[in-house]
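Welcome! Let us take a friendly look at a pocket and at a pair of helices.

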Amino acid sequence: MSLGILTNVAATYAENNLNQTQGSLQNVLQQLSSGSRINSGADDAAGLSVADGLHANEAALTQSAQNAQNGVGLLQTADGALSQVTNLLDRATTLATEAQNGGLTAAQTTAANTEFQSIVTEIGNIGTATNFNSNAVFSAAATNFVVTDGTATGTTTIAATTGALTTASVGTATGGGAGATLSGLSLVTGAAAALAAVNSAITDVSNQRGAIGANINQLNAAANVASTEEVNLSSAESSIRSTNYGQATSDLAKFQVLSQTGISALAQANSVQQEILKLLQ
């Protein structure tokens, strides 16, 4: 190669290579300091798209698990209230059985009926006053709980029904019909009929609690699935985003050496101009 001063080709090559090395070195330092392999779309456009999609799925699954747990809380509230209804019905059974005893005086039968009516009223109050998150718990309409990963195909809706609870419908009859009616009963005039109605109510409340229990199990399973899937997606996202420190530290050493040699080469290339000046002296 001939000597010349108009264009220092060697210096240009050295400068270009040094610029590329400095850019790579800066990128590696950013990966090491942030812990993320992808710090901009330029680092890995496809990887960024996948990672962002996975992150959105994770957010949806995290909330879905919470949705399912909220549903469990609602149903457990209903089940707890119905357990108290069962206790009241057990007492009503005792009173109705007692009222059929011919040895009771009219005053004693009236007293038993007074307590029986209080029990019936309290069962109605439980149905009306029990609430979860300011919403009435007992309803014949289903409450929908959504579990999703944020996609249409990954969405499941679980319809949970607590069932109504009024004095005219206590529990849920076999087949999903209205429960037993305790309204209008009297131990004074119809203790046997009252006892039969209470026994039917106990059975219907058991059916209602069984259906609620099945829904609780379904929601718990859905919450567990959502949580497990969220963990797996989080791991997948991390494998895409996270810096490979073994590779990055190796690259760091390489680019540091290339940077030093590049600077030295650029200095050597620029020194050629000084050598040409010596020829002119």
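## The largest pocket

The lining of the largest pocket holds 7 nonpolar, 8 polar and no charged residues. Here Ala, Val, Leu, Ile, Met, Phe, Trp, Tyr, Cys and Pro count as nonpolar, Asp, Glu, Lys and Arg as charged, and the others, Gly among them, as polar. Of the 15 lining residues, L74, F132, N135, T143 and F145 lie nearest the centre of the pocket. A pocket is an open set of points on a 1 Å grid over the protein atoms alone, where a 1.4 Å probe fits, with protein on both sides within 12 Å along at least five of seven lines; lining residues have an atom within 4 Å of a point.

The volume of this pocket is about 200 Å³. Helix α2 supplies the largest share of its lining, 3 residues.

## About the model

This is a predicted model, where local features need pLDDT of at least 70 and side-chain atom pairs count only at pLDDT 80 or more, while totals for chains, interfaces and linings use all residues. Residues are numbered from 1 along each chain as its sequence is written, and side-chain values use heavy atoms, without hydrogens and water.

## Two helices side by side

How do the axes of α2 and α3 cross? Helix α2 (residues 45–99) and helix α3 (residues 106–129) have axes that come within 10 Å and cross at roughly 165°. The two are therefore roughly antiparallel to each other (angles over 145 degrees count as such).

Among the residues that meet are L88 and L95 in α2 and F116 and I123 in α3, with contact meaning heavy atoms within 4.5 Å. The residues of this contact comprise 11 nonpolar, 1 polar and 3 charged.

Notes: Axes are lines fitted to C-alpha atoms, for helices over the stretch in contact, and angles run from 0 to 180 degrees between N-to-C directions. Helices (H or I, at least four residues) and strands (E, at least two) are DSSP runs, numbered from the N terminus. Angles under 35 degrees count as roughly parallel, over 145 as roughly antiparallel, 65 to 115 as roughly perpendicular and the rest as oblique. Grid points are joined across faces, edges and corners, and a volume is the space filled by probe spheres set on the points.
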